Amino acid sequence: MFSITVRDHLMIAHSFRGEVFGPAQRLHGATFLVDATFRRAELDDDNIVVDIGLATQELGAVVSALNYRNLDDEPDFKNTNTSTEFLAKVIADRLADRVHAGALGEGARGLSGITVTLHESHIAWASYERAL
């Protein structure tokens with residue numbers, strides 16, 4: 001399996017519901033490194049996984065829709081604990097929508113999967129992996 005990974009970053013504010021979250025139940029900020037890994041079994045006709053420039057651009061577009069926002073105020077996340085794991089899935093699903101819409105080029109139609117990893121710190125991160 002071949003893969004490429006592109007990176008961006010994301011800064012949000014949010015709060016959580018539930019005792020399990022302790023002090024994070026209060027409004028707080030979070031900064032994430034965001035890695036998006038694109039996979040395919042065989043390289044395309046140009047011997048690449050996907051156009052790395054388009055992958056970077058589309059990850060940036062997905063992340064910018066969330067960046068510098070209080071997620072508690074976003075209608076898409078009403079009454080939702082926007083955990084790191086949950087946000088990894090949101091970003092992966094939005095990237096998948098862009099792949100299916102052709103935003104990453106025709107060669108991207110041969111991709112088999114995406115993994116999005118949100119790094120909370122140098123010692124903690126969460127990922128979501130999905131098929132395309």
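## Terms and model

A crossing of two helices is left-handed if the near helix is turned anticlockwise from the far one by less than a right angle, and right-handed if clockwise. Helices (H or I, at least four residues) and strands (E, at least two) are DSSP runs, numbered from the N terminus.

This is a predicted model, where local features need pLDDT of at least 70, side-chain atom pairs count only at pLDDT 80 or more, and totals for chains, interfaces and linings use all residues. Residues are numbered from 1 along each chain as its sequence is written, and side-chain values use heavy atoms, with hydrogens and water left out.

The crossing of helix 1 and helix 2 is right-handed. Their axes lie 10 Å apart, and the packing angle is about 130°. Axes here are lines fitted to C-alpha atoms, for helices over the stretch in contact, and angles run from 0 to 180 degrees between N-to-C directions. The angle makes helix 1 oblique to helix 2. Angles under 35 degrees count as roughly parallel, over 145 as roughly antiparallel, 65 to 115 as roughly perpendicular and the rest as oblique.

Which residues make the contact? Helix 1 brings Glu58, Leu59, Ala61 and Val62, while helix 2 brings Ile91, Arg94, Leu95 and Arg98. Contact means heavy atoms within 4.5 Å.

## Helix 1

Helix 1 covers residues 52-64. Its 13 residues should span 18 Å at 1.5 Å a residue, and the end C-alpha atoms are 18 Å apart, which agrees. The expected span is 1.5 Å times one less than the number of residues.

The buried residues of helix 1 are Ala55, Glu58, Leu59, Gly60, Val62 and Val63. Buried means under 20% relative accessible area, exposed over 50%, partly exposed in between (1.4 Å probe, protein chains only). These buried residues pack against strand 1, strand 2 and helix 2.

## Helix 2

Helix 2 has 17 residues, which should span 24 Å at 1.5 Å a residue; its end C-alpha atoms are 24 Å apart, in agreement. Its buried residues include Leu87, Val90, Ile91, Asp93 and Val99. The buried residues of helix 2 pack against strands 1, 2, 4 and 5, and against helix 1. Just after helix 2, glycine 102 takes a positive phi of about 90°.

Threonine 84 sits in helix 2 (residues 84-100). Is threonine 84 buried or exposed? Threonine 84 counts as buried because its relative accessibility is 7%. Neighbours within four places in sequence aside, threonine 84 is in contact with Phe32, Leu118, Glu120 and Ala126. Phenylalanine 32 is 52 residues from threonine 84 in sequence, yet their C-alpha atoms are 8.8 Å apart.

Strand 4 is largely enclosed by the rest of the structure, because seven of its seven residues are buried. Gly113, Thr115, Thr117 and His119 point one way, and Ile114, Val116 and Leu118 the other way.

Strand 4 runs antiparallel to strand 2, and seven bridges join them. Two strands pair if DSSP finds at least two bridges between them. Leucine 33 stands opposite histidine 119 of strand 4. Strand 4 also pairs with strand 5 in the antiparallel sense, over seven bridges. There, glycine 113 has alanine 131 of strand 5 as its bridge partner. A hairpin of five residues joins strand 4 to strand 5.

## A buried loop residue

Leucine 71 lies in the loop between strand 3 (69-70) and helix 2. Leucine 71 is buried, with a relative accessible area of 1%. Beyond its neighbours within four places in sequence, leucine 71 is in contact with residues including Ile12, Leu66, Phe77 and Leu87.
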